[in-house]
Amino acid sequence: MRIIVGAMLFVLAASSMLPLACAQPTTAPASEIQTVTVRLSNFAFDPEHLRLKANVPVRLRLVNEGGRHDFSAPAFFAASNFASGSSAPPDGDVSVGSDETVEVALVPRKPGTYPLKCTHFLHSLFGMHGTIEVVP
């Protein structure tokens, strides 16, 4: 018994001396996660400029009020963490069907300004673009 307890104490002491690898954000209770609603309509995001804080969990609630649209921000999604069991949207695009709502929970990691656009034919050209600013 003393050997087992001694071995456990040794493992605990040794593991506390290991350097921390890349620290991952902790998961906050759902009630503490800020929800930011973005409305997608014919040729506009509302708001067209999002301002988020680095390392603060956020839920993007994408509400499509028009035809087919997407929320394309590959660099932003690549610079964010996602809850375990989920990952960044493929190619950085979230497809949102007509009259559909999609939620994406994430933690922006890297401060910067990231482009946002709808990649459907001519939508960005007609004004469906914006920015996502992540501040420290």
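**Salt bridges and the sheet**

Modeller: At 35% relative accessibility, Arg39 counts as partly exposed, a class that lies between buried (under 20% relative accessible area) and exposed (over 50%), with a 1.4 Å probe and protein chains only. This is a predicted model, in which local features need pLDDT of at least 70, side-chain atom pairs count only at pLDDT 80 or more, and totals for chains, interfaces and linings use all residues. Residues are numbered from 1 along each chain as its sequence is written, and side-chain values use heavy atoms, with hydrogens and water left out.

Colleague: With which side chain does Arg39 meet in a salt bridge?

Modeller: A salt bridge places a side-chain nitrogen of Lys or Arg within 4 Å of a carboxyl oxygen of Asp or Glu. Here Arg39 meets Glu65, at 3.2 Å from N to O. Arg39 belongs to strand β1 and Glu65 to the loop between β4 and β5, 26 residues apart; strands are DSSP runs of E, at least two residues, numbered from the N terminus.

Colleague: Which residues are linked in a network of salt bridges?

Modeller: The network joins Arg59, Arg61 and Glu103. Arg59 and Glu103 meet at 3.7 Å, while the closest N and O atoms of Arg61 and Glu103 are 3.3 Å apart. Arg59 is buried, at 19%, whereas Glu103 is partly exposed, at 44%.

Colleague: What is the order of the strands in the open sheet?

Modeller: Two strands pair if DSSP finds at least two bridges between them. The five strands run β2-β1-β4-β8-β6, with mixed pairing, and β2 and β6 are the edge strands.

Notes
Helix = DSSP H or I, 4+ residues; strand = E, 2+ residues; numbered from the N terminus.
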